[in-house]
Each structure stands twice: as C-alpha cells, then as structure tokens.
Amino acid sequence: MVTLPALAFAVAMDAVAVSISSGMARGRASWREALAMASTFGAFQALMPALGYAGGAWFHDAIEAYDHWIAFALLALVGGHMIVESRSREEDTREPGDPFALRRLAILGVATSVDALAVGLSLSIMEAPPAAAIAVIGLTTFVLCVPAVLLGARLGVRFAHRAEFLGGAILVALGAKILAGHLSVAA
C-alpha cells in the first residue's frame, strides 16, 4: 500500500525536475503547455515500467533465487544515479529551444523515463499488480508535473535539484526495504 505510491513518487522526480526547469526556461508557461508536458511525461513513465515488467515476468523463473538482489541493485543504481545527478548539475540548467515543442517533449519524455524501465523489472520481482503499478506511476507523474511546470519560474533551480535528490533517496530506501524483507524471511 505504501511502497507503490512511494515508488511512483520517486520515479516521477526526474520528470518533476525537468518540468520545473522547463517552466523556468519559459518564464510563465500556459496551462496547455503544462498539461502537454505532464501528459507526455505521465505516458512515458507508465510505458517504460510496463516494458520492464513484461521483461521481468518473462525471466522471473530464471532469476527467482536472487531476484531480491537484482531489485535492490537496480533501485540502488537508479537512485544513486539520481542523487549524483542532483549534485553535479550547474546552477543554471536551462537549455536553448522550446521545451514544449512536440519533438522536444518526446525526447524529454524518453530521457526522464529510462530509469522507470529498471523500476518495472523490479515491480515484476516484487510481484506488484502491473495495471495498478502502471496507472499509479503514470498518474502520479502527471499530477506532480502540472504544478511543477506552472510554478517553475517561482521555485527556481534549487527545488529541481532537491526533488531529484529526494527521488533518488526514496528509490535506494525501497531497494534496501526489498532486500531486508527477503533476507529476514530467509533467516
């Protein structure tokens, strides 16, 4: 009950950070632009875990003996990468060009959801219900990205870094929880 929303929140933080930066780049984004970005990010954040889940379900029998280690490693790697990225960015991360152009939205959608592919594999290992997981991840991303775009200019780049750091920390903690839960059952 708690793990899935926490996981969805954590996975959405890359998209939230990009949404904030995009709002900053535009100065004041319209509702239409905010909804377009949030819809794109939500769709990609739902699609990638679905693909990861399908791959994990396919190989589940082969990796069942050590699946908890795989889930921990994937979540720790993705979370650790998010933490490092949140610390290594320049103060001004604005990119030239219109972040709300259709092509740019698609590129940003893929870029912010690649880590969700690994999370989808972890979901299959955790045997989470796929439809619920995909819906919660996509909807959470959408709901968080709309205000992130609209408030980006006011919040500033410091919030984007903190959001990504928080998301990474949550993923590492979830990986540790999965590992600890399995090891305590095995003992």
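Contact is taken here as heavy atoms within 4.5 Å. The structure is a predicted model, in which local features need pLDDT of at least 70 and side-chain atom pairs count only at pLDDT 80 or more, while totals for chains, interfaces and linings use all residues. Residues are numbered from 1 along each chain as its sequence is written, and side-chain values use heavy atoms, with hydrogens and water left out.

The protein has six helices and zero strands, where helices (H or I, at least four residues) and strands (E, at least two) are DSSP runs numbered from the N terminus. Along the sequence the pattern is α-α-α-α-α-α. Of the 187 residues, 45% count as buried; buried means under 20% relative accessible area, exposed over 50%, and partly exposed in between (1.4 Å probe, protein chains only). Among contacts between residues at least 6 apart in sequence, 93% join residues at least 24 apart.

Helix 1 has 24 residues and spans 35 Å from its first C-alpha to its last, close to the 34 Å expected at 1.5 Å a residue (1.5 Å times one less than the number of residues). A kink of about 40° is centred on Met13, the bend being the angle between axes fitted to the seven residues ending at a residue and the seven starting there. Because 19 of its 24 residues are buried, helix 1 is largely enclosed by the rest of the structure.

Helix 1 packs against helix 4 at an angle of about 175°, with the axes 10 Å apart. Axes are lines fitted to C-alpha atoms, for helices over the stretch in contact, and angles run from 0 to 180 degrees between N-to-C directions. On the helix 1 side, the residues that meet helix 4 include Leu4, Leu7, Val11 and Asp14; those in helix 4 include Thr112, Asp115 and Leu123. Asp14 counts as buried, at 13% relative accessibility. Leaving out residues up to four places away in sequence, Asp14 touches Met82, Thr112, Asp115 and Glu164.

Beyond its neighbours within four places in sequence, Leu123 is in contact with Leu4, Leu7, Pro49, Tyr53, Ala128, Ala133 and Ile137.
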